[in-house]
Amino acid sequence: MMLDFPTRLAGSQMVGRLWTLCKKASERTKGKIDIYNEDAIAYARAFKDALDVQKHGGKIFLPQHLHHNLSLSQQLVLTSR
């Protein structure tokens with residue numbers, strides 16, 4: 001069964017948003033990258049999960065304190081376990 005176009009667009013926007021948030025969370029001052037930042041790691045894992053959700057469906061794990069960085073419609077597919 002194929003997804004309808006609005007659903008596919010929403011999934012694509014979610015993947016892009018998570019990538020952007022991961023990149024921003026990993027940036028330190030003076031342009032250095034901190035790949036061990038806990039928020040950056042959480043966004044990176046959510047990004048990976050979002051790619052899987054596009055294919056297989058399901059929910060994306062993201063810690064509750066990071067949910068506010070996504071739109072309300074995107075928050076519907078999030079879980080904080």
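Mentor: Let us begin with a charged pair. Side chains of opposite charge can pair when their charged atoms come close. Here, the side chains of Lys 48 and Asp 49 form a salt bridge, at 3.8 Å from N to O. The term denotes a side-chain nitrogen of Lys or Arg within 4 Å of a carboxyl oxygen of Asp or Glu. This is a predicted model, in which local features need pLDDT of at least 70 and side-chain atom pairs count only at pLDDT 80 or more, while totals for chains, interfaces and linings use all residues. Residues are numbered from 1 along each chain as its sequence is written, and side-chain values use heavy atoms, with hydrogens and water left out.

Trainee: How many salt bridges does a search of the whole structure find?

Mentor: The search finds two. In the other entry, the side chains of Asp 52 and Lys 48 meet at 3.2 Å, N to O.

Trainee: How are Asp 52 and Lys 48 placed relative to each other in helix H2?

Mentor: An α-helix has 3.6 residues a turn, so residues three or four places apart point the same way. Asp 52 and Lys 48 are four residues apart in helix H2, and therefore about one helical turn separates them. Helices are DSSP runs of H or I with at least four residues, numbered from the N terminus.

Trainee: Are Lys 48, Asp 49 and Asp 52 buried, partly exposed or exposed?

Mentor: Buried means under 20% relative accessible area, exposed over 50%, and partly exposed in between, using a 1.4 Å probe and protein chains only. Lys 48 is partly exposed at 47% relative accessibility, as are Asp 49 at 21% and Asp 52 at 35%.

Trainee: Which residues of H2 are buried?

Mentor: They are Ala 40, Ala 42, Tyr 43, Ala 46, Ala 50 and Val 53. These residues lie on the same side of H2 because they cover an arc of only 150 degrees around the axis, the arc being that of the directions from the helix axis to the C-beta atoms. The face turned away from this buried side carries the exposed residues Arg 45, Lys 55 and His 56.

Trainee: What is found just after H2?

Mentor: Gly 57 follows, with a positive phi of about 80 degrees.

Methods:
Helices (H or I, at least four residues) and strands (E, at least two) are DSSP runs, numbered from the N terminus.
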